[in-house]
Amino acid sequence: MRYSPILTFPDAAQQATVWIRELSELLGCEQRVAYEVLRTILHGVRDRLSVDDNAKVGNDLPMMLRGLYFEAWDPMKSQGHDDLHDLPALINAALPRSIVSDAELFPKVLKLFEARLPRKRSNKLDIALRLCATTATIGNQLTSVTLNKPPSAA
């Protein structure tokens, strides 16, 4: 019996290129920066999930992004539990400095995943992306309130 893949390797590479190009356009940055953003976010999520949940997330990603997701991952060193509370801060600390200032970074990444994987996102990946997007939105609202706060009476 011969194995006949649905996608050829060039097709899978083209699919990944489309993801990077779209993210680049959403973020208004170069494609190499968009690649680094996507890689950093995927690795941040991966490093916070259990082995079982990582398998589910990886299964939902396109082939080349699945490879990016699992790049340099050692399941034996996995935390073994889902600890997402500090995920947004960890990802922000690892992102390229040129992109961290974009207050809409996480909502834009979530928009990409919603458009590209409308019904196929893993529950844990969806939770992680929404947590980051929500945290970014709340942080922006707090910063806006703080900056617009009238001086206190002495």
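**Note on the predicted model**

1. From the N terminus on, the chain's elements follow the order α-α-α-α-α-α-α-α. There are eight helices and zero strands; helices (H or I, at least four residues) and strands (E, at least two) are DSSP runs, numbered from the N terminus.

2. The model is predicted, so local features need pLDDT of at least 70 and side-chain atom pairs count only at pLDDT 80 or more, while totals for chains, interfaces and linings use all residues. Residues are numbered from 1 along each chain as its sequence is written, and side-chain values use heavy atoms, with hydrogens and water left out.

3. Of the chain's 154 residues, 38% count as buried (buried is under 20% relative accessible area, exposed over 50%, partly exposed in between, with a 1.4 Å probe and protein chains only). Among contacts (heavy atoms within 4.5 Å) with a separation of 6 or more, 71% join residues 24 or more positions apart.

4. The largest nonpolar core contains 36 residues, and V37, L61 and F113 have the most contacts inside it. A nonpolar core is a set of buried Ala, Val, Leu, Ile, Met, Phe, Trp, Tyr and Cys residues joined through side-chain atoms within 4.5 Å. At least two residues of this core come from each of α1, α2 (31-46), α4, α5, α7 (105-116) and α8 (123-147). The largest share, seven residues, is supplied by α2.

5. Which residues does F113 touch, not counting residues up to four places away in sequence? They are W19, L38, L42, L61, P118, R121, L125 and L129.

6. Helix α1 (residues 9-27) packs against helix α4 (residues 63-70) at an angle of about 70°, and their axes are 7 Å apart. Axes are lines fitted to C-alpha atoms, for helices over the stretch in contact, and angles run from 0 to 180 degrees between N-to-C directions. The two helices, α1 and α4, are therefore roughly perpendicular to each other (angles under 35 degrees count as roughly parallel, over 145 as roughly antiparallel, 65 to 115 as roughly perpendicular and the rest as oblique). On α1 the contact is made by F9, A12, A13, A16 and W19, and on α4 by M63, M64 and L65.

7. The buried residues of α4 are L65, L68 and Y69. Seen down the axis of α4, its buried residues fall within an arc of 100°, so they line one face of the helix; the arc is that of the directions from the helix axis to the C-beta atoms. Their cover includes α1, α2 and α3 (51-60). After α4 comes A72, with a positive phi near 60°.

8. In α5, L87, P88 and I91 are buried. They cover an arc of only 95° around the axis, which puts them on the same side of α5. The exposed residues A89 and A93 are carried by the face of α5 turned away from its buried side.

9. T40 lies in helix α2 and is buried, with a relative accessible area of 9%. Leaving aside neighbours within four places in sequence, T40 is in contact with I91, A94 and L95.

10. Is L84 buried or exposed? At 12% relative accessibility, L84 counts as buried. L84 is placed in the loop between α4 and α5 (87-94). Not counting residues up to four places away in sequence, L84 touches R48, L49, I127, A128 and L131. L84 and C132 are 48 residues apart in sequence and 9.3 Å apart in space, C-alpha to C-alpha.
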